[in-house]
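Here is a short note to read beside the model. Please keep the sequence and the structure in view while going through the points.

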Amino acid sequence: LFHFLLKTLIHAVANVDRKTGEPRKVRKTQKAVVGVEVADTATSAGALTLEELAAGRIPRRTPSEQKRYDDARCEARKKGGHVSDSIREKLKDCWGKDGMAMLDNPFPYDVLARHRIIWIKPKGVKGVPRSAAEQIKLARSGYVARGGSGRAVFRVNADRNKSVKDIEHVHVFSELLPSEGRTEEPAAAVE
């Protein structure tokens, strides 16, 4: 009973807007727990823009993409594995000499941008992770070294939001090329 109440309280606190104190909206694919609602931080029009990301908005997956992601995690667990196992397998042949690899995110967030991830090999000292600023600095150099250019936003998820905690990684959201669906001219670079 105590565990249930603690879990419910944590969920309730996490799903109330800190500024207004109001419950957050429930996505169609999520259930409200004990009358508390879960946030959908995307704009009402849907996908976030690079400008919104650069301003600090938190991206989320679309409901259908989140379901695909949840199904993949569930499938990995059924096989006795974890999502990070399949990532490690994909990364085996992708590491560059700089200790980084850049892959498209197979479960991208709902953002008007191309969503890739720069994976960073662990450094020599175990248990001493790089700061988010260090990871982003490395990712920027890795992104440019791999031909990345134009507007891009680099983001490190909070530890509580990382599905792969044991491999450092940075989400890279870069402007779409006309062939990828961009319909307007790019604005000034976003850092």
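1. Buried means under 20% relative accessible area, exposed over 50%, and partly exposed in between, with a 1.4 Å probe and protein chains only. Helices (H or I, at least four residues) and strands (E, at least two) are DSSP runs, numbered from the N terminus. This is a predicted model, where local features need pLDDT of at least 70, side-chain atom pairs count only at pLDDT 80 or more, and totals for chains, interfaces and linings use all residues. Residues are numbered from 1 along each chain as its sequence is written, and side-chain values use heavy atoms, leaving out hydrogens and water.

2. Look at E3. Ala152 and Phe154 point one way, Val153 and Arg155 the other way, and all are buried. E3 pairs with E4 in the antiparallel sense over 4 bridges (pairing takes at least two DSSP bridges between two strands). Phe154 stands opposite Val172 of E4.

3. Phe154 and Val172 both belong to the largest nonpolar core, which has 12 residues. Such a core is a set of buried Ala, Val, Leu, Ile, Met, Phe, Trp, Tyr and Cys residues joined through side-chain atoms within 4.5 Å. E1 (100-104), E2 (114-120), H5 (132-145), E3 (152-155) and E4 (168-174) each supply at least two of its residues. H5 gives the most, with 3.

4. Met100 is another core member. Leaving aside residues up to four places away in sequence, its contacts (heavy atoms within 4.5 Å) include Trp95, Ile118, Leu138 and Arg146.

5. Which residues of H4 (83-91) are buried? They are Val83, Ser84, Ile87 and Leu91. These lie on the same side of H4, because they cover an arc of only 90 degrees around the axis (taken from the directions from the helix axis to the C-beta atoms). Their cover includes H3 (63-78), E1 and E2.
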